[in-house]
Each structure stands twice: as structure tokens, then as C-alpha cells.
Amino acid sequence: MKKITITTMFAALLITGACKKDSEFLDVPPKSIIASDVAFTDPALVLSILGDLYNRQVDFSGLDNGWASFADFSESFPSENGSYFFVQRTGWGFGEWGLYDYTYVRDLNLFIERVTASTALTESEKNGFIAEGRFLRANFYFEMVKRMGGVPLITKSLDYDFSGNVSSLQIPRAKESDIYDFVISEAEAIKDLATNTSDKSRASKGAILAMEARAALYAGSIAKYGVTTPVVTLPGGEVGIPASMATGYYNKALTAAKAIIASGTYSLYKQLPDLSDNFANIFLDKGSSESIFVEDFKANAGKTHAFTTNDQPYSISDEGGDAGRLDPSLNLVEAFEKLDNTYAPLATKDELGNPIYYSNQLDIFAGRDARLAGTVLLPNGLFKGKRTDVMAGYQLGNGNIISSSDASQPQDVPGLGRVQVVGQDGPVSGLELRTQTGFYIRKYLDPTVGSGRRGRGSDVNFIRYRYAEVLLNAAEAAAELGDYATASTYINQVRSRAGLTTPLVLTAANYFDRIVHERRVELAFEGHILFDMKRWRIAHIVWDGNPMTASELVTNIGSAKKRNTQPFGLWPYKYYNPGNANSGKWIFKEVKPAPVTGSNRFQMGNYYSQISDDIISRNPKIVKQPNQ
Amino acid sequence: MKIKFHHIIIALLITASGCKKDNYKAPSVTLKGHLTYKGENINVEANQVPFDVYQPGFGKTGSIRGYFDQDGAYSLLLFNGSYKFTMPANQGPFLWKELGGSKRDTLNINLSGPQTLDIEVTPFYMLRNPQFTTAGGKVNATFNIEKVVNDANAKDIEAVTLYIGKTAFVSENGDQNKAKTELAGSAITSMNNIAMSVNIPTLVPTQNYVFARLGIKIAGVEDRIYSPIVKVSF
């Protein structure tokens with residue numbers, strides 16, 4: 001009996017223990033997720049959500065996108081066996097550079113809505129957060145419109161009602177001008193809401209205005225120059241902006257740029273006496289007065305990048321063979337002017353065709369725009385206290401060239417014995433991880449000890465908007481509006497910082513070439529070249545798919561429409577001819593590195609990146625891009 | 001591990017269980033043809049002039065995208081069914097019928113077996129009677145140009161180019177020509193008996209023939225119209 005009682009009680013306990021409601025049983029709050037109504041009660045939690053949204057911004061060239069995001073368009077040569085496709089292909093796929101991320105847009109919309117709905121935050125906290133969310137959203141729409149033209153403009157979170165009908169979620173593409181108008185009007189609406197003033201990795205009034213100036217300038221030039229490529233338009237205006245809107249956009253660009261200039265918050269970086277070092281330091285100095293909006297990195301704290309590891313000179317590498325991938329091309333180097341504002345090719349030969357001898361490799365680059373040595377690490381250039389060793393071989397008096405496949409393979413040079421004949425840092429055609437153009441990149445290259453190691457990485461900032469670009473935007477807008485005097489004062493501020501102190505006079509005849517050129521050299525490797533060429537509608541002329549010759553390379557420098565389809569190099573040879581006065585000096589040759597077999601061909605269908613059939617299939621209201 | 005008899009049986013069973021028929025057969029009905037103008041092939045650059053084929057009411061709404069070959073040929077493997085064929089806007093060196101309001105004409109195709117269907121279009125120009133000869137390290141070409149479109153849609157010739165290539169693929173594409181010469185449209189005074197020549201560069205490895213072709217760049221049109229490719233020995 002006792003046994004039965006115990007058994008019954010035990011069974012009863014077991015049964016009642018299971019008597020929970022099903023819904024209660026399953027309804028356990030997750031411990032690893034913070035519900036949105038909790039998250040938006042605390043400014044610190046909101047900030048951490050915002051941090052994620054900042055991290056998801058997209059850059060065309062970015063230090064955390066990998067070195068290869070800087071490597072295209074014949075401005076550089078990719079010295080890595082797996083990356084020669086950049087110089088071997090004969091064009092770009094229509095899908096290249098596409099960006100269509102509405103997951104991110106939805107997260108931004110939700111963020112803005114939830115901050116707006118929050119009751120626990122103070123009014124000024126809310127305004128600050130909303131301004132940042134709206135800035136990120138506008139900036140992201142700007143990134144999308146640059147690549148895709150008009151995209152669906154979605155400014156609130158969309159939810160599916162499970163009715164089986166999704167047509168309310170299928171939003172057609174807005175006009176290209178509508179997206180630009182959205183970016184500009186958002187900027188106008190939030191510029192005075194932004195509370196942040198000191199942190200350059202977050203939205204500030206300057207960043208908002210800089211975005212507005214650039215967006216308005218892009219829209220203006222698409223309106224103005226779109227008429228030269230009438231096939232790059234869609235009848236609904238999803239691609240292409242009517243020419244009549246150009247002046248309005250240029251005025252807005254100029255107004256926004258002037259507002260930044262007048263604020264006095266930012267200035268051109270002038271800290272170091274050597275103008276080239278000063279230019280390189282813009283990108284290294286985190287306190288730079290020039291940067292407006294940056295993507296920040298921090299070493300030993302989890303956010304670093306491998307730009308220095310990938311691109312440091314081979315012989316000065318912190319990481320053995322990890323080096324030298326991004327080699328600026330001679331095409332870019334030739335574009336840097338002489339100090340008297342004239343263009344001239346680097347003098348490798350005299351009028352008779354005889355080589356010119358230089359006692360120091362750097363002499364051939366003397367008297368040029370200081371930005372050359374600030375952007376490009378020249379042969380025999382200084383990095384981390386050491387000089388690069390760039391030498392393509394010995395040139396003997398009889399014209400013979402003695403070269404080898406690697407610096408570790410010495411060769412017999414008559415009179416010198418068995419010696420190293422090529423530099424530790426290249427160039428040898430097809431030898432990866434050393435320069436193959438004769439040049440290394442200097443912009444963003446971090447001289448900090450250990451920055452070239454894979455483990456530590458570099459924490460150099462990526463500057464998304466900087467003051468020099470604002471000045472160039474102002475110069476371009478003013479020039480397009482016909483005010484060449486004002487345009488000249490803006491462009492000359494940027495030029496004099498680079499040592500070009502003779503003022504340049506912009507005129508109706510020269511302003512276009514001059515502004516195209518100035519942006520190319522000032523903003524090299526900052527992710528502008530593709531979008532600049534696209535908005536001026538000269539991409540299909542500059543990258544027309546025809547191979548280049550060395551003689552073509554050195555002529556017509558400074559013309560906006562100059563062909564630029566294949567990257568060249570400038571190879572230094574040591575002249576060895578005992579008894580000759582020039583023995584031991586350097587001569588230079590323009591060389592097309594052997595892996596360069598393709599030539600860039602930009603087709604009309606490349607002006608706007610393809611919207612995939614998958615997207616069109618899900619939303620049939622999306623119209624296709626033109627010429628694809 | 002020792003392989004035992006039952007292991008083999010298990011392996012066979014697993015293999016055999018994969019031997020189910022697929023749900024769908026692969027498409028097997030050929031639709032092919034050429035781009036033509038009055039029965040003559042229109043020559044274009046390979047893989048540059050696209051066309052779209054839609055199968056309405058079946059699967060996703062996207063198009064089946066294809067590209068014309070050098071001699072204007074196309075071919076698709078499809079299922080039986082009804083399709084619509086169209087040319088995307090601004091593609092090809094020819095006019096495709098417009099229906100107004102940015103709508104473009106489509107061609108209904110009812111496929112119930114292999115079918116050959118030529119696509120009739122109106123090119124802006126045609127290259128007539130191209131003749132290629134070699135002499136003194138040069139390829140010489142003579143040809144006539146016929147202006148086909150003379151109405152409001154007429155477009156000027158921007159340039160005529162003579163290409164030579166090492167392989168049977170010859171075009172404006174940098175990979176597909178070894179040398180070329182260009183004659184500006186403004187320099188053409190008569191549309192008949194136009195002569196051009198191009199120097200044959202050093203070919204590595206050497207070969208005693210090249211493939212030659214002429215192309216017309218029409219102002220405001222991206223794709224060129226070409227002549228057929230001719231093998232020229234020297």
C-alpha cells in the first residue's frame with residue numbers, strides 16, 4: 001500500500017510537472033538577443049547598433065576591401081600571379097561594380113523609425129542619432145545611384161502582410177535625378193541636426209555637406225555631359241538626367257562646398273616642410289585637419305587592414321614575401337606636371353634619341369608636382385628609413401643588357417664579376433610581389449613599426465571625404481557655371497599646397513582638361529576615377545579597348561580624353577661602360593610589363609551596372625539598364 | 001578496416017538509390033538562325049550583340065539572353081513552347097522595329113520541334129563586295145558601302161576600319177586583331193571602290209596567312225557592322 005502511494009505521488013508529480021502551457025514552454029526570451037524595445041532605451045546600446053550600420057557602408061576602393069579594389073583602370077599594375085586578370089581582360093562585365101543591398105537600407109530605415117519611436121532617449125540624443133542614420137542612408141543611396149542609376153527609393157521599412165500579394169512591396173526604380181534630389185534634400189534637412197563635431201568617423205555637419213556637394217556635382221555633370229551619350233539613357237529617366245537641370249545642380253554643389261569652406265572647420269593639411277612627405281602624411285595623420293569623414297581603424301583592437309602588408313616594398317617588407325602588389329603605372333606618374341604648370345613626359349631620351357643619364361634615380365623626377373613623390377614611392381625612394389632597390393639590369397656600352405630572373409640570381413658582368421643585376425624590389429616581368437612598373441604605392445602606406453605584419457596589420461584611416469576634394473568640387477562647379485576666376489582660386493589652393501605656386505588661370509577652353517587632370521593626380525587611389533570618368537561620360541573614350549604604344553603614352557599628356565588602356569612601367573637600368581663618363585649612371589626605359597596583354601574597353605553597357613535577372617524576376621517593375 | 005561483403009552491398013544500395021530519373025529533361029529543341037537583311041547575313045562582333053528570348057508564363061520573368069556569332073548566327077536549346085524574341089534597345093548596328101512609347105517589337109515563336117528562324121533587321125549600312133589581296137607585306141581591301149537607312153533614322157559613318165587578326169576571330173576587341181587602319185567617315189568621298197590597306201605586323205609564331213575583315217563604326221551606335229571574315233594567304 002505504501003508502495004502504491006509513493007508511486008502514485010511520484011507519477012502525479014511527474015505529470016503536473018509537465019503541465020505547463022505549450023506557449024509558455026516555448027516562449028523563452030533569448031539571452032543572446034536584445035529586443036528592439038529594450039535596445040532603443042539606452043544611448044549606449046543605440047550607439048552599438050549604429051556602429052554596425054557605419055561598418056556596413058560601402059566604398060569603391062577601401063582599405064578593408066583589399067588592395068585589389070585600388071588596382072584597376074591602368075592607374076596601377078597588379079603584381080600578383082592571381083590578379084593579372086586586371087591587365088589581361090579586354091573589358092568589364094556588365095555586372096561589375098554593382099551594388100543593390102536593400103537589407104542594409106531596411107536596417108537603416110528600421111533604425112531611424114525605432115529611434116524616432118523611442119521614448120527613453122532625450123530629444124537631442126534622438127536628433128543626433130536620426131541625423132546619423134539619415135546620413136548613412138543618403139550616403140548609401142548615393143553609392144547605389146553612382147553605380148546603378150535610379151534605384152527604388154525606399155525610405156520606410158516595408159513589411160509583408162502574408163496576403164499572397166506582394167505587389168505593394170514591388171517598387172519601381174526612381175528617376176536618377178530623384179535619387180540625387182533625395183541625397184541633396186536629406187543633407188539639407190539634417191545638416192543642422194548633427195550633434196557630432198569631433199569624431200571624424202561619424203557624421204558631422206561637414207560630412208553631410210561634403211556628401212551633398214559631391215552628389216550635386218555628380219548629378220550636374222551627368223545632366224550636362226549626358227547629352228554626349230544619348231544611348232545611355234532610359235525613357236523613364238531611371239538613367240540619365242535632363243540637361244536643363246545641370247545649372248541647378250552645379251549651384252547646389254557650389255553652395256554646399258562654400259558652406260564647408262566658410263565654416264573654417266577644415267583646412268588643407270600643411271604640417272611638414274617637405275611637400276611630398278606632407279602630402280603622404282594627410283593619410284597617415286589621424287588628426288589631419290583635412291579629413292572630413294573617414295573609416296577609422298585601430299591596431300591591436302580588432303579593426304585593421306592589410307594594405308601595408310600587401311603593398312610594402314619587397315626588400316623592406318615586415319612579412320617576408322608579402323609585398324609589392326599594387327604598383328602605380330607610368331601612365332599615372334607621367335600625369336604629374338612640372339612646377340611651371342606644364343606637362344612633359346619624364347625625360348628618358350634627348351632629341352636625337354640617345355638615352356639621358358642620371359646619377360641618382362630620383363633625378364629624373366625632379367622639379368615635379370610634390371604629390372608625385374607623396375602618392376608614389378619612386379625608385380630609390382625612402383620608406384621606413386630604407387631606400388628601395390629598383391633596377392632592371394645592367395646596360396653595357398655595346399648595347400647589351402644583362403638581367404636575370406631574380407635578385408638572388410647573380411650574373412656575370414664583364415669587368416665586375418658575378419654580381420646582383422636586378423633590384424631586390426624588381427622590376428622583372430612576371431615576377432610577382434615586386435614592382436613591375438618601377439614604382440610602389442606610397443599613399444596609405446603605413447611607416448609604423450609592425451604595420452606590415454599580417455598579424456598586427458595597419459590602422460591607417462581611409463578618408464572618404466576630405467577638404468581638398470571639396471575645394472576641387474567647388475572649382476568644378478564654379479567653372480561649369482562660367483565663373484572661371486572663382487574656380488581658379490579654389491583649384492590653386494590645392495595646387496599651391498603641392499608646390500605648384502604659379503597660379504593657374506582657368507578658362508572656358510582649358511578648364512575641363514585641367515579639372516579632370518587635377519582630380520586624377522590629387523585623388524589618385526581614393527576611389528574616384530571610375531565615377532569621375534562615368535559622370536563626365538568620357539569612360540568609353542579613355543578606355544576604348546585599343547592597345548597603347550610607348551610613344552602614345554608620352555604624348556598628349558594632360559588631355560582629359562587621352563587613351564589609358566594599358567599600364568606601363570618605367571624601368572631603370574644601370575649603365576656600365578668603364579672609361580665612359582656616364583658609367584655607373586642610370587638610364588630609364590618605358591616598358592609595358594609582359595603580363596599586360598589585354599586593354600581596357602569600357603562599353604556603353606558599363607556606364608550603369610547590371611541589375612540581375614534575379615532581381616527583375618522578383619520585381620518585374622524594375623526596368624533593365626540601357627545597352628545591356 | 002576490412003572490407004566485408006555487406007559493406008559492398010550497402011555501397012551498391014546507396015549508389016543505386018541515387019539512380020532516380022531527374023524531374024526535368026534537358027532542353028533539346030534547337031532554335032537557330034541568322035541576323036539577315038534581305039536574305040544576307042549581317043556580320044557583327046562575336047558575343048557583343050545580345051538578344052532576349054522570353055517564355056511568358058513559365059518560371060521566372062527574366063529573359064534568356066543570347067549573343068550573335070560573328071556571322072550573325074545564333075542558336076538556342078529550348079523546350080517546346082511559345083516564346084517571344086526581341087532585341088534590347090540600342091544594340092546592334094541595325095534598326096529593330098519600335099512600337100512607340102519605348103516599346104519594342106517582339107517576334108512570337110511557337111516551338112514544336114527544331115526550327116530555323118532568320119531575324120530580319122534593317123542595318124544602317126552594308127559592306128558590299130569586299131575584296132582582300134596581299135602585296136608587299138600589306139593587306140589591301142577594296143569595297144563599296146551601301147547606305148540602307150536613308151530616312152530620319154539615318155546615321156553617318158564615323159569611321160571604317162580594316163582589321164587583320166591571327167585567328168578566325170577578328171573584331172575591334174583588342175584581343176581579336178593584330179593590326180588595323182582607320183579611315184575617317186569624313187574622308188570618304190565616294191561610297192564605291194573605297195580602298196584601304198594595313199601593314200601585316202610580325203606574327204609570333206609566324207604564319208603565312210591572316211584573317212581580314214572590315215568594320216563600319218556608325219556615329220552614335222556602339223556596335224559595328226562588319227564584312228565576312230576572309231582568310232588571306234601571303
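Reader: What distance separates the centres of domain 1 of chain A and domain 2 of chain A?
Author: Welcome! This is a predicted model, where local features need pLDDT of at least 70, side-chain atom pairs count only at pLDDT 80 or more, and totals for chains, interfaces and linings use all residues. Residues are numbered from 1 along each chain as its sequence is written, chains are lettered from A and ligands numbered from 1 in the order in which they are written, and side-chain values use heavy atoms, leaving out hydrogens and water. With bounds from an automatic or database domain assignment, the two centres, taken over C-alpha atoms, are separated by 35 Å.

Reader: Which three residues supply 21% of the area that domain 1 of chain A buries against domain 2 of chain A?
Author: Buried area is the accessible area (1.4 Å probe) that two parts lose on being put together, summed over both. Between these domains it is about 2,900 Å², with 64% from carbon and sulfur atoms. The three that supply more of domain 1's share than any other three are A:R214, A:Y225 and A:I261.

Reader: Which residue forms a salt bridge with A:K224?
Author: A salt bridge is a side-chain nitrogen of Lys or Arg within 4 Å of a carboxyl oxygen of Asp or Glu. There are 3 across the interface of domain 1 of chain A and domain 2 of chain A. With closest N and O atoms 2.6 Å apart, the partner of A:K224 is A:E480.

Reader: And which residue of chain A forms a salt bridge with B:D52?
Author: Chain A and chain B have 2 salt bridges between them. In the one formed by B:D52, the closest N and O atoms are 3.5 Å apart, and the partner is A:K624.
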